[in-house]
Amino acid sequence: MIVEATSWDDPVGVRLRQEQEAEIIQRYGGDLEQGPKPSAEDVDVFLIARDAETSVSVGCGGLRRLDEVTYEIKRMYVTPAWRGRRIGEVLLRALEEAAISRGAQRMRLEAGTRQPEALRLYERCGYQRIEPFGHYANCAESICFERILVPSAA
């Protein structure tokens with residue numbers, strides 16, 4: 001697997017995000033996303049995962065800064081045909097490395113109640129469930145997670 005940074009507007013990334021959005025809308029019967037949608041203006045890092053042998057693009061994920069030490073994972077997605085091969089974990093670790101290189105100490109994310117494979121991934125990778133934060137605070141379908149990347153100097 002090859003994971004590469006690209007621009008938010010990269011056509012492959014746009015296609016993967018459209019696939020992700022269509023899947024979410026199908027699962028929930030509509031677009032339930034809370035708050036502003038991520039954009040080129042607020043996503044600091046966008047990664048695409050490609051199969052090393054075929055160069056087929058199989059997943060993506062981005063980082064949006066929440067504060068000086070916190071990034072939120074946005075648009076994490078692996079195409080259905082490629083699931084079950086730990087690509088999500090590879091993407092997640094690459095996003096964490098990118099966040100750490102930008103001074104992050106904490107990662108946060110939101111997933112939905114109808115995304116059991118995503119919930120399992122985050123828990124398996126050391127993310128802890130937290131109270132819904134920010135725009136997700138009043139969304140019954142939201143499950144939020146956090147992972148401390150660097151111990152605080154408290």
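Author: Happy to! Let's begin with a cut-off: a residue is called buried under 20% relative accessible area, exposed over 50%, and partly exposed in between. Keep in mind that this is a predicted model.

Reader: Thanks. What lets side chains pair up in general, and how many salt bridges does the structure hold?

Author: Side chains of opposite charge can pair when their charged atoms come close. Here there are 22 salt bridges.

Reader: Which residue does arginine 83 pair with?

Author: Its partner is glutamate 23, with 2.7 Å between the closest N and O atoms. The two sit in distant parts of the chain, 60 residues apart: arginine 83 is in the loop between strand S4 and helix H2, while glutamate 23 is in helix H1.

Reader: Is glutamate 23 buried or exposed?

Author: Glutamate 23 has a relative accessible area of 16%, which is under 20%, so the residue counts as buried. Arginine 83, at 30%, is partly exposed.

Reader: Where does the bridge between arginine 147 and glutamate 96 lie?

Author: The closest N and O atoms of that pair are 2.9 Å apart. Arginine 147 belongs to strand S7 and glutamate 96 to helix H2, so the bridge ties together parts 51 residues apart in sequence. Glutamate 96 is buried at 5% relative accessibility, whereas arginine 147 is partly exposed at 25%.

Notes. Residues numbered from 1 in each chain as written. Predicted model: local features only at pLDDT ≥ 70, side-chain atom pairs only at ≥ 80, totals over all residues. Heavy atoms only, no water. Salt bridge = Lys/Arg side-chain N within 4 Å of Asp/Glu carboxyl O. Helix = DSSP H or I, 4+ residues; strand = E, 2+ residues; numbered from the N terminus. Buried < 20%, exposed > 50% of the residue type's maximum accessible area, 1.4 Å probe, protein only.
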